Structures are given as C-alpha cells and as structure tokens.
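Please examine the sequence and the model before reading the solutions.

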Amino acid sequence: MDTIAAIAAGGNAPCAIGVVRVSGPDCFRLCGQVFRASKPFGELEARKMVLGEVLDAQGRIIDRGLAVRFPAPHSYTGEDCAEIHCHGAPVVLREVLEALFAAGARLASAGEFTKRAFLNGQLDLTQAEAVIDLIDAESAAAARNAAAQLDGGLRRRLEPVQDALLEITSRFYAVVDYPDEDIEDVRPEEITAALQEAESRLAALLNTCRRGRVLKRGVRTAIVGLPNAGKSSLLNVLAGYDRAIVTDVPGTTRDTVEETVLCGGVLLRLIDTAGLRETEDLVEQQGVERSRRAMESADLILMVSDDAVEEAHCSREYREEFRRLLREVGGCQTPWIFVASKRDLSGRTSEAARRIDGDARNRPAACVSLSALTGEGLEELETAVAALFPAGDPAESGGLLTDQRQEEAAGRAREAVCRALEALQDGLTPDAILTDAEEALDALGELTGRTAREEIVERIFSRFCVGK
C-alpha cells in the first residue's frame, strides 16, 4: 500500500491545535522531511510526543509543534503511522499537507485510515462502524454505546453464536473427511441444544434494534394539537430558545418546524406542526396536511392541549375539534403522550386528560401537565419520555444493533438457524441442517466483516470523513 496523509483535526476554521495524520510503509521517511527534531524521525521513541520544527515543501520553518510515531503493528491502522500536531491555522495545516504530498504521500480518501485498520485486522466491521457512530453521536448515551462497541461489545455478543455453529459444522466435516479416525458423531440432541442457544441469543440481539435506532438516530416526534394549544411554545422551551414563532393568532405555524433536543436523556427530533383543524385557508390547509403526514411517520406523538376545552366559555365547535383530534391521535398505532401545556394559567392538571380513555382506542402512554411558557413541570414530560424509550441494561452497552445492515445480517442468521431447527424437528438427518448452519455463519461473518463483500465494505467507509 502507498502512504496516505490527511488533516485529522482542524483545517476548516482556526483552532488551537491541528493534527495531520500519516500512514503507510514510507511514513517515517516522509515525516522526516516535514518535521525536524533532535533525531531522525525514524529513530524517535515510539508513542512519545517530541518537540520539533514543522517545515513546508521548501524546507522552511512554518511552525513549531509536536510529532509522535506509531511503528507497525502497534498503531491504529496496523501500519507505520504518525501524527504531526501544530497550531490550528488552516493555512499551516494545508502547508504541512502539501509538504507531505511533495515528499510522496497522497491524500487519504474518506475513511481510509479506519478501512486500513479493518483490512489489517486491527478492527472488525462492527468496531469500524462504531468509529463513525462515535464521531456522529448526538447524546452521551450514544457516545457510550459507540465507545463500548469500539471496544468489541457487539463482537463479544456474537462470538458464542459463531462458536456454537462452528462446533456443529466442523465436527460434521471431521467425521466425513476422516472416517478412519475415532471422532464421535454429533448427536441430534447436541445440535438441537446448540441451535436453540444460537436462536435465543440472536433473538435477544435483534430485540435491541429499537433501542439502537433511538440511540443513533433519535426519536422522530410530532408535536400536534389545535391552534394556539401551546405547540410552538413547547418546542421553544424544550430547545431552550425561541425556535418557533409564538403569537395569539391561530394558524401562525403554517409549515413544520424541526429541532433536535435531549429530553429525559432521549434524543428527540421534534417536529412542530400546524394546528390540526378544518380551515378554508389554502396555505393553512397544506400545513395541516403536512402535520398529518408528520404524525403518520413519527415514532412518538406529543398531543398538546391548553385547558380551554374544559372552560364554560369554550365554543361547542372547539370542543368537537378537540374530540376529533383525540380520536385521530388515539387511532394511530404510534405511542403518544398527552401534554397539558398551560399549567401556569390553570394551576392544575388538565381535566381533558381524564376523559381521554373514553375517546381514544390507543391510550396515551402518559398524561403530563406543564407550562410551555416557563418550563414548570417539564420534568414530568422527561420522565414519561424516558419510560417510553428506556436506555436498557448498562451491561448491554456496546451490544446494540444500531445499523440497518447489522440488523439485516443478524436477521438472516436467525432465519437460517430457525430453518435448521425445523429440519431437525421434521426428522431430517443432521447433515441436512449443514447448509443452514453455514448460511447462518456467512451472515454473521458479513456482520463482523469476515465474509463481507467488497461493495458492503466500500459503502460503510464512504460514510466517514477524510482523516479518519
């Protein structure tokens, strides 16, 4: 392989420290032309920062900084690798990179450092995917899970399944290939026990998909309600600033407004929608239609209501609109929370919430009362959201399936194991399940990267940034 280089930190805007990363067989020679220290670069003590002069392509001093070298195989990529740390002015970093190119390096492609780590056996594919998950993490929980997966958390959950399937297939082939050897046949009850254990572990792993998706992508949350119910105010108080326009005029929100927030430790991708009501206004009609589409595609619905629907002066039309909306939200299969939004005015929990069970087929997961203006009572909503989307057992950290590719591969492995179990239950001989067991192993190998096709590997690493 040739030697690659890229800016790993900084480069787009001034920052305190910038990092240029280099990897490949000619790494130390090239770095020696760009970084001048008390010793030749290749003789510097491994994994120890050294102070020196940073040179441009003409050999002129452009900065003073630090460098560290990582001899193969004890490096991130498994190759000779080095980093040059200098001041984070974009022009300095570009000059360092240009000097390395002039010396013979080439620009690394997106994710090429991590791809080399995978190809050189430093990481499996689940760990490589954890690198980009860690970079893209938007919550502390997502970062913790990615870090644990990078440490091999998911691989360790898969190893017992792979070992059980390998035991079945290897012993069968040993008996067939070496008939003269005293090798005990695999008994059907042993195969059944191994397959049942594999199926149980794969089923448990697939059950983590929902939590994994929540950690990685967040919960798509539609805020719905009648006009002036306090939807935009709720969005603003959750976001911590005035993200949406709030007025007393019904129909102010004509389009969906989106914002990402943490609520109860859960990442919510909020969608503030137009008030759901019958209207003659063509523009507002389009907003209402978008609101309904947002509600249909949501993972969670926050139905916001003020307490006016219970007041004596409330019009009959308004009450009918409210009941219609309750039926519409309650008719969805999506989990939802009833939010009484004007506790600062009413001073009590919404009476409307107490009649919901009779109006909705899909009962709310919780009824909470808060002030969308002041934030009073917001902890009730946080508790309800956290209960709907629990973090799970901390011991499972790193063992969640967070990617559709992972889910599909694990699903195919489980299907193959189930087919093998059915074949045994139907009275077929043990050799009949061999194809299914090998298919399950191939699917698990694709998940970890042992048998992943080249196009799958390319698609995964195309998600990375240059320099990682």
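The model is predicted: local features need pLDDT of at least 70, side-chain atom pairs count only at pLDDT 80 or more, and totals for chains, interfaces and linings use all residues. Residues are numbered from 1 along each chain as its sequence is written, and side-chain values use heavy atoms, with hydrogens and water left out.

**Exercise 1.** State how many salt bridges a search of the whole structure finds, and characterise the one between Arg-29 and Asp-26.

*Solution.* A salt bridge is a side-chain nitrogen of Lys or Arg within 4 Å of a carboxyl oxygen of Asp or Glu. For Arg-29 and Asp-26, the closest N and O atoms are 2.6 Å apart.

**Exercise 2.** Locate the salt bridge between Arg-201 and Glu-197.

*Solution.* The N to O distance is 2.8 Å. Both residues lie in helix 7 (residues 188–206), 4 residues apart, about one turn of the helix. Helices are DSSP runs (H or I, at least four residues), numbered from the N terminus.

**Exercise 3.** Which parts of the chain does the pair Arg-419 and Glu-439 link?

*Solution.* The closest N and O atoms of this salt bridge are 2.9 Å apart. The pair links distant parts of the chain, with Arg-419 in helix 15 (residues 404–425) and Glu-439 in helix 16 (residues 434–448).

Note on methods
Helices (H or I, at least four residues) and strands (E, at least two) are DSSP runs, numbered from the N terminus.
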